[in-house]
Amino acid sequence: MIRHIRKSKLGVLFLAFLFVANNSAANMKSNDIWGFITDIKISTPTLSIRNIDPFPLSLTLIKQNEYINFYQAPSLVLKDGSKISDIDVRLSKDQNDKNPFLSFTLQGQCISLDTVKKYYPELRLTDVPRGRSQNEVTSHTTPADIHGQAVTFSFAEIRPDCLHRVVIASQK
């Protein structure tokens, strides 16, 4: 009897995990990375530690310090087959600080800087590798929008022709 209950509890926990993981992708209706960035940018300005429920991704608190809560979201596959992974969200504990930080890695396709510039033509160079590691990046950042958010597109030295990481953060 006890074994049966344990198996049932494990089954329920597994189904709950699947629901949460799939729910994250279900809330995102983006066809491609450009739609994903747009959807996330619309949701990010209202995101705070007191208001994470309406966010289109399921966030899990990973760690915290006296200033910031660190969250992760499950990876998801967009309709074009590209994978969004390593989703990192950082939210200030200060109620007056409305500057969320969100970053993610893109996998599954190679997007060049020229392609990024078709969607975001006003990029400026904001970071360059310093020769210490192949994981260092060359980054290009958009001007801040009306909410003070900018999008940074980073290209790792290991594959400098392919978009590696995207950061959406406040420039205030």
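## Overall make-up

How many helices and strands are there in the chain? In this predicted model, the chain holds three helices and nine strands, and, read along the sequence, they follow the pattern α-α-β-β-β-β-β-α-β-β-β-β.

Among contacts between residues at least 6 apart in sequence, 43% join residues at least 24 apart.

## Helix H2 and its partners

Helix H2 spans residues 33-43, and its buried residues are Ile33, Trp34, Phe36, Ile37, Ile40, Lys41 and Ser43. These buried residues pack against strands E3 (76-77), E4 (83-92), E5 (101-107), E8 (149-156) and E9 (165-170), as well as against helix H3 (113-119). The N-terminal end of H2 is capped by Asp32, which places a side-chain oxygen 3.2 Å from the backbone nitrogen of Trp34.

## The largest nonpolar core

In soluble globular proteins, nonpolar side chains tend to be buried together. Here the largest nonpolar core has 30 residues, of which Ile33, Ile37, Phe104, Phe153 and Leu163 touch the most other members. At least two residues of this core come from each of H2, strand E2 (68-73), E4, E5, E8 and E9, and H2 gives the most, with five residues.

Leaving aside residues up to four places away in sequence, Ile33 touches Leu78, Asp80, Phe104, Leu106, Ile111, Leu163 and Val166.

Conventions. Residues are numbered from 1 along each chain as its sequence is written. This is a predicted model: local features need pLDDT of at least 70, side-chain atom pairs count only at pLDDT 80 or more; totals for chains, interfaces and linings use all residues. Side-chain values use heavy atoms; hydrogens and water are left out. Buried means under 20% relative accessible area, exposed over 50%, partly exposed in between (1.4 Å probe, protein chains only). Helices (H or I, at least four residues) and strands (E, at least two) are DSSP runs, numbered from the N terminus. Contact means heavy atoms within 4.5 Å. A polar contact is a pair of N or O atoms within 3.5 Å; within protein, one must be able to donate a hydrogen and the other to accept it, and residues adjacent in sequence count only if both atoms are side-chain atoms. A nonpolar core is a set of buried Ala, Val, Leu, Ile, Met, Phe, Trp, Tyr and Cys residues joined through side-chain atoms within 4.5 Å.
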